Amino acid sequence: MNVQATVGGVFAAVDIGASSGRVMLGRVGGGSVSLETVHRFPNGVVELDGGLHWDFDALFEEVLKGLAAAAETAAASGERIASIGIDTWAVDYGLVDASGKLIAQPFSYRDERGRTAIADVHNVLDPALLYATTGLQFLQFNTLYQLASERALRDVQALLIPDLIAFKLTGQRRTEATNASTTGLFDAVAGEWANDFFKPLGLPKNLFPDIIQPGETVGTLLPEIVARTGLEAETAVVAVGSHDTASAVAAVPARQEDFAYISSGTWSLVGVELDSPVLDEASRLANFTNERGVDGTIRYLRNVGGLWLLSECQRTWAAQGHRQELAALLESAAALPAGGPQINADDPVFIAPDNMPDRIRSAVRATGEVLPDRPAAVVRCILDSLAAAYARTLARAEELSGKQTSVVHIVGGGSQNRLLCQLTADATGKKVVAGPVEATALGNVLIQARAAGAVTGGLSELRALVRASIGLESYEPKLALKSPQGRRPVVPQSPSVNLRGA
């Protein structure tokens, strides 16, 4: 598939995750795409008024610093930034009043308030009806449960986090479709708000702004943003896959359609790409989600535990004075025997922060096994558990969707974890292709580039451009043997990597 690169272009990608954010310059031209990081900043929940929140004011200030750095970097090279795209995590939102004022710092999905409203929501909307309409995986922090815990929603609008950033930049209120599909209030078939759900939940019908699709323009920069950043007044903010996973999946460098993907980061998003949602009862009971992707695709997936488990363990060990480099931890973990204890990486007990190693050891004890009190053993338990969860989830996705896959693409931060990639190949019995690490930012930039006419074509063309630009690694599955107890497969003790451009 040939990529039609018409003209070059420079684009700014604002890419924010639950633990960090960055602003990157993406350059498209000559049949390739490249990224340059111009600003990085930390992100995380803060305790405020008895709840877990995001410090949005500080977050937006960092976005402005990043855009100013992008403008300065581009100008130094004689370049002009054509547009800005914004992606973040899903689900969370801020409430703004008629004047556009943010009335409070947004709650984090890690706060417990959504869980307390689940029964109230299900009392007025049957879970089976919710799923048949929205196709959304049940998670205690889904947006509709958070909204049901709000006390006053009159005379305000809810803006999902990337839409809130876009509003602060342009003054225009929109809701981008891929993120709207994670709210529990989006019709998976119609591609619009599920209006019949708002009244039973006591939500104003205009609570969210109108929906916009990836590639459409939100607006141009406000004068005060131009003054702060040095960007040109006509710089557009373009909707991308504002749910970061949507942008990441758009940049999966697949050669064929029979691929599965794992977007591996704080969370793991494990699934397949479909043309239409799967809304039957079997899918609901399996707790799979149907979220919008770029170009009207369906991201049929489940949220699985992720590298949050590992990063939280590292944070705890560092606080205890045992700071260790990740590379050394992984090397030690790879040397341990296979077939060790595992946990359910999806257990809600692991959602909140606070002494993750103790919680993991406690979960292992509950299975009747013992996890040694050594960091390497804990790390191996985490990675074995994630690989097993990936394999179970992919097998179930194939069964429920009817789509068989031959290769698994791991993108995001987890694609750098060679042990995790090899364990995943072994657990799934499929070839794993790892990379790109910056899939989300690449997808963000390429959607902007296509909107600007710098590239043409569909997802196949965009993915071919990623393959032409980024080095990838492949991992072949090794023969798995049954353990004497028959509990789980015994896999090789260390990863085997084939370098390639797959």
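**Cavities, a pocket and a sheet**

A: In this predicted model, the lining of the largest cavity comprises 9 nonpolar, 2 polar and 3 charged residues.

Q: What volume does the largest cavity have?

A: The volume of the largest cavity is about 110 Å³. Its lining has 14 residues, and those closest to the centre are Pro162, Asp163, Ala166, Val218 and Ala239.

Q: Which element gives the largest share of that lining?

A: Helix α6 does, with 3 residues. At least two residues each come from α6 (161-170) and β13.

Q: How many cavities of 30 Å³ or more are there?

A: There are 2 cavities of that size. The second largest cavity holds about 90 Å³ of space. Its lining residues include Arg110, Trp267, Trp308, Asp346, Asp347 and Phe350.

Q: And by class, what lines the second largest cavity?

A: The lining of the second largest cavity has 6 nonpolar, 3 polar and 3 charged residues.

Q: How does the pocket lining divide by class?

A: The lining of the second largest pocket has 7 charged, 5 nonpolar and 3 polar residues.

Q: Now the sheet. What is the strand order?

A: It is an open sheet of 6 strands in the order β4-β3-β2-β7-β13-β12, and the pairing is mixed. Strands β4 (32-42) and β12 (217-220) stand at the edges with a single partner strand each, so one side of each has no neighbour in the sheet. From one strand to the next, the twist averages 25 degrees.

Q: Do β2 and β3 run parallel or antiparallel?

A: They run antiparallel: strand β2 (residues 9-16) is joined to strand β3 (residues 20-29) by 8 bridges. Within this pairing, valine 14 has valine 23 in β3 as its bridge partner.

Q: What does helix α1 touch in the sheet?

A: Helix α1 (residues 56-76) packs on the sheet and touches β2, β3, β4 and β7 (81-87). The direction of α1 makes about 140 degrees with that of β4.

Q: And helix α16, what does that one touch?

A: Helix α16 (residues 439-451) also packs on the sheet, where it touches β2, β3, β4, β7 and β13 (236-238). The direction of α16 makes about 140 degrees with that of β2.

Q: Last topic: what does the pLDDT average over the chain?

A: The chain averages a pLDDT of 92, and 94% of the residues score at least 70.

Q: Where is the pLDDT below 50?

A: One such stretch is residues 1-7, which has 20 contacts in the model beyond near neighbours in sequence. Another is residues 481-502, with 60 contacts in the model beyond near neighbours in sequence. Where pLDDT is low, the predicted coordinates should not be read in detail.

Key
Residues numbered from 1 in each chain as written. Predicted model: local features only at pLDDT ≥ 70, side-chain atom pairs only at ≥ 80, totals over all residues. Heavy atoms only, no water. Nonpolar A, V, L, I, M, F, W, Y, C, P; charged D, E, K, R; others polar. pLDDT = per-residue confidence, 0-100. Contact = heavy atoms within 4.5 Å. Pairing = 2+ DSSP bridges. Helix = DSSP H or I, 4+ residues; strand = E, 2+ residues; numbered from the N terminus. Axes fitted to C-alpha atoms, helices over the stretch in contact; angles between N-to-C directions. 1 Å grid on protein atoms, 1.4 Å probe; cavity = no way out; pocket = protein on both sides within 12 Å on 5 of 7 lines; lining within 4 Å. Points joined across faces, edges and corners; volume = space filled by probe spheres on them.
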